[in-house]
Amino acid sequence: MTSSIHAVAITVSDACSRGERKDESGQVLRLLLKETGADLIATKIVSDDLEPLTDTLREFADRPDVNLIITTGGTGFAPRDNTPEATLAIIEREAPGLAEAMRMETLKHTPMAMISRGVCGIRSGTLIINLPGSPKGVRESLAIIMPVLQHAVALI
């Protein structure tokens, strides 16, 4: 991946947003994006509250200097896991193949992949990808889609 990717990394976690837990998955995400040559435009930690999360995604997606948003966290079955709903509320088109590939491949390592509700889609020329909220989930999921990210963003 070259610097034609201008990314935002968003951690979705009540505990991390309150400073009660270290943002380990976000740290892994940021490191992996930088290692692959992406230009990291911004990082943010937000709570699981639906409306502020939706607003954050919309604001970053509509920025002309951003073409990729990757979230980590909030994709499970817990009542406050709102990342898929926030993403679906703002995208113009879904990109289901990315989410399907991540679930299918990570299922080979853990049955917990079945309960990931992460979605992917496009808004305003920005690709939005939901990753799980664990460092392991971030590493494994990103490794699966990394080979197509440059091309996917270029097509948008």
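**Exercise 1.** Determine how the side chains of Arg58 and Asp55 meet, and where the two residues lie.

*Solution.* Step 1: the side chains of Arg58 and Asp55 form a salt bridge, at 3.0 Å from N to O; the criterion is a side-chain nitrogen of Lys or Arg within 4 Å of a carboxyl oxygen of Asp or Glu. Step 2: both belong to helix H3 (residues 50-61), where they are three residues apart and therefore separated by about one helical turn. Helices are DSSP runs (H or I, at least four residues), as strands are (E, at least two), numbered from the N terminus. Step 3: Arg58 is partly exposed at 30% relative accessibility, and Asp55 is partly exposed at 35%; buried means under 20%, exposed over 50%, partly exposed in between (1.4 Å probe, protein chains only).

The model is predicted: local features need pLDDT of at least 70 and side-chain atom pairs 80 or more, while totals for chains, interfaces and linings use all residues. Residues are numbered from 1 along each chain as its sequence is written, and side-chain values use heavy atoms, without hydrogens and water.

**Exercise 2.** Characterise the salt bridge between Glu140 and Lys136.

*Solution.* Step 1: the closest N and O atoms of Glu140 and Lys136 are 3.0 Å apart. Step 2: the two residues are four apart in helix H6, so about one helical turn separates them. Step 3: Glu140 is partly exposed at 21%, and Lys136 is partly exposed at 43%.

**Exercise 3.** State how many salt bridges the whole structure has.

*Solution.* A search of the whole structure finds ten.
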